[in-house]
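Hi,

Here is the structure I promised to pass on. Have a look at it first, and then read on for what I found.

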Amino acid sequence: MSVLDTIKSRRSIRKYKSDPIPEDVFQRVFEAVRQAPSGKNLQPWKFIVVKDKALKDSLARASANQMFMAQAPIIVVACGFPDDCYSHMGRYMKSWTVDVTIAFEHLVLQAEEEGLGTCWIGSFEEQEVKAILNVPDNVRVMALTPLGYPAEEPSYRGRKRLDEIVTYDGF
Ligand SMILES: Cc1cc2nc3c(=O)[nH]c(=O)nc-3n(C[C@H](O)[C@H](O)[C@H](O)COP(=O)(O)O)c2cc1C
């Protein structure tokens with residue numbers, strides 16, 4: 001698939017098969033993560049791969065009881081390092097949320113390319129997730145996603161028109 005085809009065919013998946021992810025597929029997904037760009041190439045991130053059933057259930061409960069997450073063979077938890085990132089982006093902000101988001105989107109798109117499903121999870125209790133996975137105080141949890149073979153084919157959710165989101169030569 002072209003990059004645009006991959007982008008357009010992706011959907012948020014909320015039903016998963018329990019089929020395991022072959023090792024070569026897993027490696028390609030995380031190679032896409034590894035190659036992501038970041039401010040000053042600092043790569044201020046760590047991705048926790050959770051396979052344990054009890055841990056997956058706990059993470060789903062800590063994510064507003066979105067129990068579908070635990071159906072997937074893996075939940076990936078994206079963490080960022082605020083103390084170890086480019087700190088003057090636009091002269092006003094730290095880059096870690098952007099850095100981690102780019103890398104996580106690489107995961108999402110390579111997963112789609114491999115026939116795997118994901119669902120970006122932003123509704124979670126960070127302190128609960130950190131306690132479940134022993135994440136250190138100075139590390140932040142940015143997002144989670146289940147990763148596994150889809151058991152549904154959701155329809156297109158629609159997007160704003162291009163002329164609503166792009167302007168030329170000024171705001
Ligand atoms: C930052 C962010 C947080 C999200 N949080 C959740 C979530 O907690 N649970 C969920 O089911 N979907 C979540 N989503 C998925 C969105 O609802 C979904 O991307 C959007 O409705 C468009 O649908 P699509 O991904 O199928 O194109 C989130 C997406 C983003 C980008």
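Two strands are counted as paired if DSSP finds at least two bridges between them. Please keep in mind that this is a predicted model.

With that in mind, β2 and β4 pair in the antiparallel sense, over 7 bridges. Within that pairing, Cys79 has Val141 in β4 as its bridge partner. β2 also pairs with β1, again in the antiparallel sense, over 6 bridges, and here Val50 stands opposite Ile75 of β2.

In a regular strand, side chains alternate between the two faces of the sheet. For β2, both faces are covered: Ile74, Val76, Ala78 and Gly80 are buried on one side, and Ile75, Val77 and Cys79 on the other. With 7 of its 7 residues buried, β2 is therefore largely enclosed by the rest of the structure.

Now to helix α5 (residues 126-133), where the buried residues are Glu126, Val129, Lys130 and Leu133. They lie on the same side of α5, because they cover an arc of only 100° around the axis. Gln127 and Ala131, on the other side of α5, are exposed. The cover over the buried residues of α5 includes β1, α3, β2 and β4. Just after the helix, Asn134 takes a positive phi of about 55°.

As for α3 and α5, their axes come within 9 Å and cross at roughly 170°, which means that α3 is roughly antiparallel to α5. Leu55, Ser58 and Leu59 of α3 meet Val129, Ile132 and Leu133 of α5. That contact has 5 nonpolar residues, 1 polar and no charged ones.

Best wishes

Note on methods. Residues numbered from 1 in each chain as written. Predicted model: local features only at pLDDT ≥ 70, side-chain atom pairs only at ≥ 80, totals over all residues. Heavy atoms only, no water. Buried < 20%, exposed > 50% of the residue type's maximum accessible area, 1.4 Å probe, protein only. Helix = DSSP H or I, 4+ residues; strand = E, 2+ residues; numbered from the N terminus. Arc of directions from axis to C-beta. Contact = heavy atoms within 4.5 Å. Axes fitted to C-alpha atoms, helices over the stretch in contact; angles between N-to-C directions. Parallel < 35°, antiparallel > 145°, perpendicular 65-115°, else oblique. Nonpolar A, V, L, I, M, F, W, Y, C, P; charged D, E, K, R; others polar.
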